[in-house]
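Trainee: Could we go through this model together? I'd like to start with its surface.

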Amino acid sequence: MPEGIPAPSVATSQTGASPAGSTAAAPSAKGPQPVSKDTTAGMLFGVGAYVLWGLLPLYFFILMPAGAVEIVANRVVWSLLFCALLITVTRAWGVLGTALRDRRVFGSLALAAFLIAINWLTYTYGVTTGQAVETSLGYFINPLVSVLLGVLVLKERLRPLQWTAVGVGFAAVGVLTYSYGKLPWIALTLAFSFGLYGFVKNRVGSRVDAITSLSVETMVLAPLAAVAMVVLAVNGSSTLASEGPGHFWLLLASGVITAVPLLFFGASARRLPMTTIGLLQYFAPILQFLVALLVFREAMTVERWIGFGVVWLALLLLTLDMLRTARKNSVARKAARRQAA
């Protein structure tokens, strides 16, 4: 889920990229109801979004010899053009104009734009330099960073299992630092940039939809991206027009490849509870990890397996806490409805 939408935190039931907006039918007192078509569609959209994000390293791999700066610059420019097309088709220029005129919204999205640019550059650099395993680690760590930001920035009080998970996460970073012989800076940069991006986007809340948000963010970054593309072309480092028509169209397709999973995620978030979205988010780093091992044949030492195992233990603790809290909240809501009736 590294691309343009904040992952839902598994720390609390109310944080994430989007309000739950669930229309899933709750079980009645007479027994469980059949799964609604809306819930099924939400699952399909959610799985589709995270699978596409999980397979993104394959796309960057086939774009070689393009480097991280060129890939991200093209991605920004063509994403902006694709967003303009979508806004035209949906007649949403008024919504975009409202977002641009709102200083608070625009300021938040401008900050989010620079955070996601750091994230995209780091992620693309990691994949194109044979460090895809470490990029997947960044998105495994991200839920732990979301919990940590909740404590440091929002002054939230953590439950015991959440504190345990954070402690285990710190231990995992120590093990991985020993394994790599240095701090896993790619993973940590991805986790913190994406965690902060999610925090900033959550401050905007539901005042902007996914396409409007992506449009504003790419508008902020487009001048820098255009300059980067020109500089690369002048220096003879650009591959856009030098690697054949297939490479050219693959780079241009980055706009669609950025926007489609984002739209899928938005459709899923409107249909599913955040608990379900929180579980689905693990599809992306798991697939990234498998691609790195099975396709790119990246090495995993015993120490790195231990480090990843400790990270997965921390995520298991967070997930158990999330499921237990969601169950308690569900019971409390049902009790409140019975009392109101």
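Trainee: Which residues make the nonpolar surface patch of about 330 Å²?

Mentor: Phe61, Ile62, Met64 and Leu250 make that patch, where patch residues have over 30% relative accessible area and no salt bridge, and nonpolar side chains are joined within 5 Å. The model is predicted, so local features need pLDDT of at least 70 and side-chain atom pairs count only at pLDDT 80 or more, while totals for chains, interfaces and linings use all residues. Residues are numbered from 1 along each chain as its sequence is written, and side-chain values use heavy atoms, with hydrogens and water left out.

Trainee: Where is methionine 64 placed?

Mentor: Methionine 64 lies in the loop between α2 (56–62) and α3 (68–90), and its relative accessible area is 35%. Methionine 64 therefore counts as partly exposed, the class between buried (under 20%) and exposed (over 50%), with a 1.4 Å probe and protein chains only.

Trainee: And glutamate 134, buried or exposed?

Mentor: Glutamate 134, which sits in helix α6 (residues 132–152), is buried because its relative accessibility is 2%.

Trainee: New topic: where does α9 bend?

Mentor: Helix α9 bends by about 45° at alanine 222, and proline 223 follows within four residues; the bend is the angle between axes fitted to the seven residues ending there and the seven starting there.

Trainee: What follows α9?

Mentor: Glycine 236 follows α9, and the phi of this glycine is positive, near 75°.

Conventions. Helix = DSSP H or I, 4+ residues; strand = E, 2+ residues; numbered from the N terminus. Patch = residues over 30% accessible without salt bridge, like charges linked within 9 Å, V, L, I, M, F, W, Y side chains within 5 Å. Areas by Shrake-Rupley, 256 points an atom, 1.4 Å probe, with all protein chains shown as cover. Salt bridge = Lys/Arg side-chain N within 4 Å of Asp/Glu carboxyl O.
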